[in-house]
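Open your viewer and get ready to click along. Each stop tells you what to select and what you will find there.

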Amino acid sequence: MSNPQKNPNALLHRRDVVNELVRARGELLVIAGLGAPNWDVSAAGDHVNNFPLWGAMGAASMIGLGLALAQPKRKVLVITGDGEMLMNLGSLATIGVEAPPNLTVAVLDNERFGETGMQKTHTAAGVDLAAVATAVGIRTSRIVRTMAEVTELRDLAHEGRGTAFAQIKIAPEALVFVMPPADGVILTTRFRQSVLGDEALYN
């Protein structure tokens, strides 16, 4: 296995990236985009503060924004894919305008639509999502290529030092599915109870 720290052209492994992003997560709230990012977050450990999406392609970043605005004292991390992010680029403009300091969006970019047969996405043709994020006002936007940079992103997300966006270049690998609970009522109820406490039981 190549070492991306020694070979700058090597691509990162998605589950190494996600494991690092949620390491020692504390009370971090995590929105997982549908498909492979969902399985990656689940592989790192099922958690009451995970909200995995089983559908709603393109919605992960906006759900993360709404959560960050509603819970300003909580840190929110969106982990999604390049195909999902491309489906709702307009959400980045809204995030740039609202600029919640407690929101980080991490896009796992394998340049593929993993759920429909690994067709190439626009990022394979050079579309720079981090540049889009910068253009709409998300000042901390970057392309991430090393695990050291992943750790820096993890620290930003956990500390909530301003809105952040990262396009993380990963290998187009097919991994074993590790699925979260599939019952939407269970997922929603446990997440609401974790975030809101007893208040969730009466609303």
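Let's begin with a term: rings of Phe, Tyr and Trp (its six-membered ring) pair if their centres lie within 6.5 Å; planes under 30 degrees apart count as stacked, over 60 as edge-to-face and the rest as tilted. Now select Trp39, Trp54 and Phe177, which form one aromatic cluster.

Before the next stop, two notes on what you are looking at. This is a predicted model, where local features need pLDDT of at least 70, side-chain atom pairs count only at pLDDT 80 or more, and totals for chains, interfaces and linings use all residues. Residues are numbered from 1 along each chain as its sequence is written, and side-chain values use heavy atoms, with hydrogens and water left out.

**Stop: an aromatic pair**

The structure holds 3 aromatic pairs. Helices (H or I, at least four residues) and strands (E, at least two) are DSSP runs, numbered from the N terminus. Are Phe51 and Phe191 buried or exposed? Both are buried, meaning under 20% relative accessible area, while exposed is over 50% and partly exposed in between (1.4 Å probe, protein chains only).

**Stop: the largest nonpolar core**

A nonpolar core is a set of buried Ala, Val, Leu, Ile, Met, Phe, Trp, Tyr and Cys residues joined through side-chain atoms within 4.5 Å. Select Ile31, Met85, Leu103, Val105, Phe165 and Phe191: of the 24 residues in the largest core, these touch the most other members. Elements that each supply at least two residues of this core include helix H3 (60-70), strand E4 (103-109) and helix H8 (184-196). The largest share, 4 residues, comes from H3.

Zoom in on Leu103. Among the residues that Leu103 touches, not counting those up to four places away in sequence, are Leu65, Val78, Ile95 and Thr163; contact means heavy atoms within 4.5 Å.

**Stop: Gln167**

Finally, select Gln167 in strand E8 (residues 164-169). Gln167 is buried, with a relative accessible area of 1%. The side chain of Gln167 reaches the backbone nitrogen of Ala130 at 3.1 Å. Show the surroundings too: not counting residues up to four places away in sequence, Gln167 touches several residues, including Val107, Asp109, Thr123 and Arg142.

How values were computed:
A polar contact is a pair of N or O atoms within 3.5 Å; within protein, one must be able to donate a hydrogen and the other to accept it, and residues adjacent in sequence count only if both atoms are side-chain atoms.
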